[in-house]
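Trainee: I would like to go through this structure with you. Where shall we begin?

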Amino acid sequence: MRRRAPLALAAVAAIAVAAPQAGAASGDGAAAARAATWLAANSSGAPAGQQADAVVALRAAGRSSGSLRPRVAALAKTAPAYATTAGGAAKVVMAAVAARRDPASLGRVDYLRRITGRYAAGRYGATAWDQALSLLALRAAGRTPPAAAVRATFAGRGSGGWSFDLQTDSRDSVDATAIVLEALAASGVKGTDARVAAAVRWMLAQRNGAGGLASAGGGAPSDANSTAGAIRALRATGRTPPASLRAALRALQDRDGSVRFTRAGAGSRLLATNDALVAFAGKSLPVR
(Lines give C-alpha, C1' and ligand atoms only; values in the text may rest on other atoms or scores of the structure.)
Protein backbone atom coordinates (compact mmCIF):
# COMPACT_ATOMS: atom_id res chain seq x y z
CA MET A 1 0.00 0.00 0.00
CA ARG A 2 1.78 3.56 -1.28
CA ARG A 3 1.97 6.23 -2.60
CA ARG A 4 1.19 22.37 -1.86
CA ALA A 5 2.86 25.52 -0.75
CA PRO A 6 3.86 24.35 2.78
CA LEU A 7 1.61 25.57 5.56
CA ALA A 8 2.94 27.69 8.36
CA LEU A 9 4.48 25.73 11.17
CA ALA A 10 2.20 27.45 13.63
CA ALA A 11 -0.79 25.99 11.84
CA VAL A 12 0.83 22.59 11.86
CA ALA A 13 1.50 22.82 15.57
CA ALA A 14 -2.18 23.51 16.14
CA ILE A 15 -3.01 19.90 15.22
CA ALA A 16 -3.60 18.61 18.73
CA VAL A 17 -3.42 15.09 19.98
CA ALA A 18 -6.99 13.80 20.16
CA ALA A 19 -9.08 10.67 19.94
CA PRO A 20 -9.38 9.21 16.41
CA GLN A 21 -12.29 10.66 14.45
CA ALA A 22 -15.01 8.46 12.98
CA GLY A 23 -14.92 8.20 9.21
CA ALA A 24 -18.61 9.06 8.91
CA ALA A 25 -18.07 12.46 10.54
CA SER A 26 -18.22 14.69 7.47
CA GLY A 27 -18.82 12.83 4.24
CA ASP A 28 -16.16 10.19 4.70
CA GLY A 29 -18.75 7.54 5.50
CA ALA A 30 -20.56 8.07 2.22
CA ALA A 31 -17.25 8.08 0.37
CA ALA A 32 -16.34 4.79 2.05
CA ALA A 33 -19.60 3.14 1.05
CA ARG A 34 -19.17 4.17 -2.58
CA ALA A 35 -15.52 3.11 -2.65
CA ALA A 36 -16.31 -0.26 -1.09
CA THR A 37 -19.02 -0.94 -3.68
CA TRP A 38 -16.64 -0.13 -6.52
CA LEU A 39 -13.77 -2.11 -4.98
CA ALA A 40 -15.87 -5.22 -4.37
CA ALA A 41 -16.97 -5.20 -8.01
CA ASN A 42 -13.58 -4.45 -9.56
CA SER A 43 -10.93 -6.31 -7.60
CA SER A 44 -11.81 -10.00 -7.85
CA GLY A 45 -9.14 -10.76 -10.44
CA ALA A 46 -6.49 -8.41 -9.07
CA PRO A 47 -2.84 -9.45 -8.66
CA ALA A 48 -1.95 -10.94 -5.29
CA GLY A 49 -0.66 -7.81 -3.58
CA GLN A 50 -3.60 -5.68 -4.64
CA GLN A 51 -6.03 -8.47 -3.76
CA ALA A 52 -4.52 -8.66 -0.29
CA ASP A 53 -4.93 -4.90 0.08
CA ALA A 54 -8.54 -5.15 -1.14
CA VAL A 55 -9.37 -7.74 1.51
CA VAL A 56 -8.02 -5.43 4.22
CA ALA A 57 -9.78 -2.37 2.79
CA LEU A 58 -13.14 -4.12 2.48
CA ARG A 59 -12.83 -5.39 6.03
CA ALA A 60 -12.09 -1.83 7.17
CA ALA A 61 -15.28 -0.74 5.43
CA GLY A 62 -17.31 -3.23 7.46
CA ARG A 63 -17.54 -6.27 5.18
CA SER A 64 -17.70 -9.41 7.27
CA SER A 65 -14.64 -11.59 7.62
CA GLY A 66 -16.69 -14.52 6.34
CA SER A 67 -17.59 -12.72 3.12
CA LEU A 68 -13.88 -12.14 2.47
CA ARG A 69 -12.76 -15.74 2.87
CA PRO A 70 -13.38 -16.71 -0.78
CA ARG A 71 -11.05 -13.89 -1.79
CA VAL A 72 -8.40 -15.10 0.61
CA ALA A 73 -8.84 -18.67 -0.66
CA ALA A 74 -8.11 -17.37 -4.16
CA LEU A 75 -5.22 -15.30 -2.81
CA ALA A 76 -3.72 -18.43 -1.26
CA LYS A 77 -3.18 -19.83 -4.76
CA THR A 78 -1.24 -16.83 -6.07
CA ALA A 79 0.44 -15.66 -2.87
CA PRO A 80 3.37 -18.13 -2.76
CA ALA A 81 4.90 -16.72 -5.94
CA TYR A 82 4.13 -13.14 -4.93
CA ALA A 83 5.17 -13.08 -1.27
CA THR A 84 8.92 -13.37 -1.79
CA THR A 85 9.73 -10.16 0.08
CA ALA A 86 9.02 -9.28 3.69
CA GLY A 87 6.54 -6.62 2.56
CA GLY A 88 4.74 -8.98 0.20
CA ALA A 89 4.43 -11.66 2.85
CA ALA A 90 3.21 -9.02 5.30
CA LYS A 91 0.36 -8.01 2.99
CA VAL A 92 -0.75 -11.64 2.78
CA VAL A 93 -0.61 -11.95 6.57
CA MET A 94 -2.79 -8.88 7.07
CA ALA A 95 -5.32 -10.14 4.53
CA ALA A 96 -5.46 -13.54 6.21
CA VAL A 97 -5.99 -11.97 9.63
CA ALA A 98 -8.72 -9.69 8.26
CA ALA A 99 -10.58 -12.76 6.97
CA ARG A 100 -10.00 -14.75 10.17
CA ARG A 101 -7.62 -17.19 8.50
CA ASP A 102 -4.35 -18.43 10.00
CA PRO A 103 -1.43 -16.65 8.28
CA ALA A 104 0.92 -19.37 9.51
CA SER A 105 -0.85 -22.04 7.48
CA LEU A 106 -2.59 -20.31 4.59
CA GLY A 107 -2.55 -22.74 1.70
CA ARG A 108 -0.02 -24.75 3.72
CA VAL A 109 2.42 -21.81 3.67
CA ASP A 110 3.67 -20.03 6.78
CA TYR A 111 3.72 -16.37 5.76
CA LEU A 112 4.78 -15.25 9.22
CA ARG A 113 7.93 -17.30 8.77
CA ARG A 114 8.49 -15.62 5.42
CA ILE A 115 8.54 -12.31 7.27
CA THR A 116 10.72 -13.37 10.18
CA GLY A 117 13.08 -15.22 7.85
CA ARG A 118 13.99 -11.90 6.27
CA TYR A 119 14.83 -10.23 9.57
CA ALA A 120 18.40 -9.21 10.34
CA ALA A 121 19.83 -6.51 12.61
CA GLY A 122 16.48 -4.88 13.22
CA ARG A 123 15.45 -4.72 9.57
CA TYR A 124 12.92 -6.65 7.51
CA GLY A 125 13.94 -6.47 3.88
CA ALA A 126 15.30 -3.41 2.12
CA THR A 127 12.60 -0.72 2.10
CA ALA A 128 10.36 1.32 4.33
CA TRP A 129 7.44 -0.75 3.06
CA ASP A 130 9.17 -4.03 3.94
CA GLN A 131 9.88 -2.72 7.43
CA ALA A 132 6.57 -1.03 8.15
CA LEU A 133 4.34 -3.70 6.64
CA SER A 134 6.24 -6.39 8.55
CA LEU A 135 5.74 -4.59 11.87
CA LEU A 136 2.05 -4.11 11.06
CA ALA A 137 1.60 -7.74 10.05
CA LEU A 138 3.27 -9.08 13.18
CA ARG A 139 0.99 -6.92 15.29
CA ALA A 140 -2.06 -8.06 13.30
CA ALA A 141 -1.11 -11.65 14.04
CA GLY A 142 -0.84 -10.92 17.75
CA ARG A 143 2.94 -10.88 17.92
CA THR A 144 5.04 -8.20 19.57
CA PRO A 145 7.50 -6.63 17.10
CA PRO A 146 11.12 -6.81 18.32
CA ALA A 147 12.36 -3.77 20.18
CA ALA A 148 15.43 -3.85 17.95
CA ALA A 149 13.20 -3.39 14.90
CA VAL A 150 11.62 -0.30 16.46
CA ARG A 151 15.09 1.10 17.25
CA ALA A 152 16.29 0.38 13.71
CA THR A 153 13.23 2.12 12.29
CA PHE A 154 13.93 5.25 14.29
CA ALA A 155 17.60 5.05 13.34
CA GLY A 156 16.59 5.26 9.68
CA ARG A 157 14.73 8.55 10.10
CA GLY A 158 16.00 11.44 8.02
CA SER A 159 15.85 15.14 8.72
CA GLY A 160 12.06 15.16 8.89
CA GLY A 161 10.45 11.82 8.15
CA TRP A 162 11.57 8.61 6.50
CA SER A 163 12.75 7.78 2.98
CA PHE A 164 11.77 4.86 0.77
CA ASP A 165 15.01 3.01 1.59
CA LEU A 166 15.13 4.02 5.29
CA GLN A 167 18.47 5.73 4.79
CA THR A 168 19.14 8.99 6.61
CA ASP A 169 20.83 10.57 3.59
CA SER A 170 17.95 9.86 1.18
CA ARG A 171 15.07 12.22 0.47
CA ASP A 172 12.25 11.94 2.97
CA SER A 173 8.96 10.71 1.49
CA VAL A 174 5.45 11.53 2.70
CA ASP A 175 4.00 8.09 2.00
CA ALA A 176 7.00 6.28 3.48
CA THR A 177 6.76 8.49 6.57
CA ALA A 178 3.03 7.84 6.89
CA ILE A 179 3.25 4.06 6.82
CA VAL A 180 6.25 4.05 9.17
CA LEU A 181 4.31 6.19 11.66
CA GLU A 182 1.40 3.75 11.37
CA ALA A 183 3.75 0.83 12.03
CA LEU A 184 5.44 2.47 15.00
CA ALA A 185 2.05 3.16 16.57
CA ALA A 186 1.07 -0.49 16.08
CA SER A 187 4.38 -1.48 17.68
CA GLY A 188 3.49 0.40 20.85
CA VAL A 189 5.29 3.70 20.32
CA LYS A 190 3.22 6.49 21.81
CA GLY A 191 2.00 9.33 19.66
CA THR A 192 3.51 11.77 22.13
CA ASP A 193 7.03 10.45 21.47
CA ALA A 194 9.11 13.47 20.44
CA ARG A 195 10.43 11.73 17.32
CA VAL A 196 6.92 10.80 16.22
CA ALA A 197 5.68 14.34 16.86
CA ALA A 198 8.56 15.80 14.82
CA ALA A 199 7.85 13.46 11.90
CA VAL A 200 4.15 14.36 12.03
CA ARG A 201 5.02 18.07 11.92
CA TRP A 202 7.27 17.49 8.91
CA MET A 203 4.60 15.47 7.13
CA LEU A 204 1.87 18.05 7.67
CA ALA A 205 4.17 20.86 6.58
CA GLN A 206 4.27 19.26 3.11
CA ARG A 207 0.58 19.93 2.43
CA ASN A 208 -0.48 21.88 -0.63
CA GLY A 209 -2.97 24.74 -0.76
CA ALA A 210 -5.90 22.31 -0.98
CA GLY A 211 -4.73 20.50 2.15
CA GLY A 212 -3.56 17.31 0.41
CA LEU A 213 -0.20 15.61 0.06
CA ALA A 214 2.07 14.09 -2.55
CA SER A 215 4.83 11.55 -2.03
CA ALA A 216 7.64 14.03 -2.66
CA GLY A 217 6.00 16.69 -0.49
CA GLY A 218 6.81 20.31 -1.14
CA GLY A 219 3.25 21.35 -1.88
CA ALA A 220 2.90 19.20 -5.02
CA PRO A 221 -0.61 18.22 -6.23
CA SER A 222 -2.42 15.73 -4.00
CA ASP A 223 -2.08 12.03 -4.66
CA ALA A 224 -4.49 9.55 -3.12
CA ASN A 225 -1.97 7.16 -1.65
CA SER A 226 0.07 9.77 0.22
CA THR A 227 -3.00 11.69 1.39
CA ALA A 228 -4.75 8.54 2.58
CA GLY A 229 -1.60 7.29 4.28
CA ALA A 230 -1.22 10.54 6.18
CA ILE A 231 -4.84 10.38 7.37
CA ARG A 232 -4.32 6.84 8.63
CA ALA A 233 -1.02 7.75 10.28
CA LEU A 234 -2.54 10.68 12.14
CA ARG A 235 -5.33 8.47 13.48
CA ALA A 236 -2.84 5.76 14.44
CA THR A 237 -0.80 8.25 16.45
CA GLY A 238 -3.88 9.56 18.26
CA ARG A 239 -4.39 12.71 16.22
CA THR A 240 -7.43 14.09 14.44
CA PRO A 241 -6.81 14.42 10.68
CA PRO A 242 -7.53 17.99 9.52
CA ALA A 243 -10.83 18.41 7.68
CA SER A 244 -8.96 19.87 4.69
CA LEU A 245 -6.79 16.75 4.43
CA ARG A 246 -9.84 14.50 4.40
CA ALA A 247 -11.57 16.76 1.90
CA ALA A 248 -8.53 16.60 -0.38
CA LEU A 249 -8.84 12.81 -0.46
CA ARG A 250 -12.58 12.92 -1.14
CA ALA A 251 -11.89 15.29 -4.03
CA LEU A 252 -10.03 12.45 -5.77
CA GLN A 253 -13.07 10.16 -5.76
CA ASP A 254 -15.01 9.80 -9.01
CA ARG A 255 -18.76 9.35 -9.31
CA ASP A 256 -18.46 5.57 -9.70
CA GLY A 257 -16.82 5.35 -6.25
CA SER A 258 -13.29 4.68 -7.44
CA VAL A 259 -10.44 6.95 -6.40
CA ARG A 260 -7.95 8.51 -8.80
CA PHE A 261 -4.23 8.70 -8.07
CA THR A 262 -4.33 12.45 -8.84
CA ARG A 263 -6.90 14.71 -10.45
CA ALA A 264 -4.66 14.93 -13.53
CA GLY A 265 -4.08 11.20 -13.85
CA ALA A 266 -6.17 8.22 -12.81
CA GLY A 267 -3.13 5.97 -12.37
CA SER A 268 -4.07 2.69 -10.74
CA ARG A 269 -7.58 3.22 -9.41
CA LEU A 270 -7.29 -0.09 -7.61
CA LEU A 271 -4.19 0.95 -5.67
CA ALA A 272 -5.63 4.36 -4.91
CA THR A 273 -9.04 3.03 -3.86
CA ASN A 274 -7.50 0.37 -1.63
CA ASP A 275 -5.54 2.99 0.31
CA ALA A 276 -8.31 5.58 0.35
CA LEU A 277 -11.01 3.19 1.56
CA VAL A 278 -9.21 2.46 4.83
CA ALA A 279 -8.88 6.20 5.42
CA PHE A 280 -12.50 6.94 4.44
CA ALA A 281 -13.62 4.23 6.86
CA GLY A 282 -11.90 5.97 9.76
CA LYS A 283 -9.41 3.15 10.29
CA SER A 284 -5.66 2.63 10.32
CA LEU A 285 -3.59 -0.50 9.83
CA PRO A 286 -3.65 -3.24 10.90
CA VAL A 287 -7.32 -4.05 10.32
CA ARG A 288 -8.78 -7.08 12.05
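Mentor: Start with terms. Helices (H or I, at least four residues) and strands (E, at least two) are DSSP runs, numbered from the N terminus. The expected span of a helix is 1.5 Å times one less than its number of residues. The model is predicted: local features need pLDDT of at least 70, side-chain atom pairs count only at pLDDT 80 or more, and totals for chains, interfaces and linings use all residues. Residues are numbered from 1 along each chain as its sequence is written, and side-chain values use heavy atoms, with hydrogens and water left out.

Trainee: What does helix H5 reach from its first C-alpha to its last?

Mentor: H5 runs over residues 86–98, which is 13 residues. At 1.5 Å a residue, 18 Å is expected. The helix comes close to that, reaching 18 Å.

Trainee: How many residues of H5 are buried?

Mentor: Buried means under 20% relative accessible area, exposed over 50%, partly exposed in between (1.4 Å probe, protein chains only). H5 is largely enclosed by the rest of the structure, because its buried residues number 13 of the 13.

Trainee: Which residue just after H5 takes a positive phi?

Mentor: Look just after the helix. Phi is about 60° there, and the residue is Arg-100.

Trainee: Is Arg-108 buried or exposed?

Mentor: Arg-108 is in the loop between H5 and helix H6 (111–116). Its phi is also positive, near 65°, in a residue other than glycine. Relative accessibility is 84%, so Arg-108 counts as exposed.

Trainee: And Leu-166, buried or exposed?

Mentor: Leu-166 is found in the loop between H8 and H9. Its phi is near 55°, a positive value in a residue other than glycine. The relative accessible area is 3%, so Leu-166 is buried.

Trainee: How many aromatic pairs are there?

Mentor: Rings of Phe, Tyr and Trp (its six-membered ring) pair if their centres lie within 6.5 Å; planes under 30 degrees apart count as stacked, over 60 as edge-to-face and the rest as tilted. One of the pairs is Tyr-119 with Tyr-124, tilted at 4.7 Å centre to centre and 45° between the planes. By this rule the count is three.

Trainee: Why is the pair of Trp-129 and Phe-164 called tilted?

Mentor: The pair links distant parts of the chain, 35 residues apart: Trp-129 is in helix H7 (residues 128–140), and Phe-164 is in the loop between helix H8 (147–155) and helix H9 (174–186). Trp-129 is buried at 7% relative accessibility, whereas Phe-164 is partly exposed at 40%. The ring centres are 5.5 Å apart and the planes are at 40°, so the pair is tilted.

Trainee: At what angle do helices H2 and H13 pack?

Mentor: H2 covers residues 28–42 and H13 residues 269–280. Axes are lines fitted to C-alpha atoms, for helices over the stretch in contact, and angles run from 0 to 180 degrees between N-to-C directions. The two axes are 9 Å apart, and the angle is about 145°.

Trainee: Which H2 residues does Thr-273 meet, and is Thr-273 buried or exposed?

Mentor: Contact means heavy atoms within 4.5 Å. Thr-273 lies in helix H13 and touches Ala-35, Trp-38 and Leu-39, among others. The H2 residues that meet H13 include Ala-35, Trp-38 and Leu-39. With a relative accessible area of 0%, Thr-273 is buried.

Trainee: Which two residues does the cis peptide bond join?

Mentor: Look at the segment after H13, where Pro-286 lies. Omega is about 0°, and the bond joins Leu-285 and Pro-286.

Terms used:
Lists of a residue's contacts leave out its neighbours within four places in sequence.
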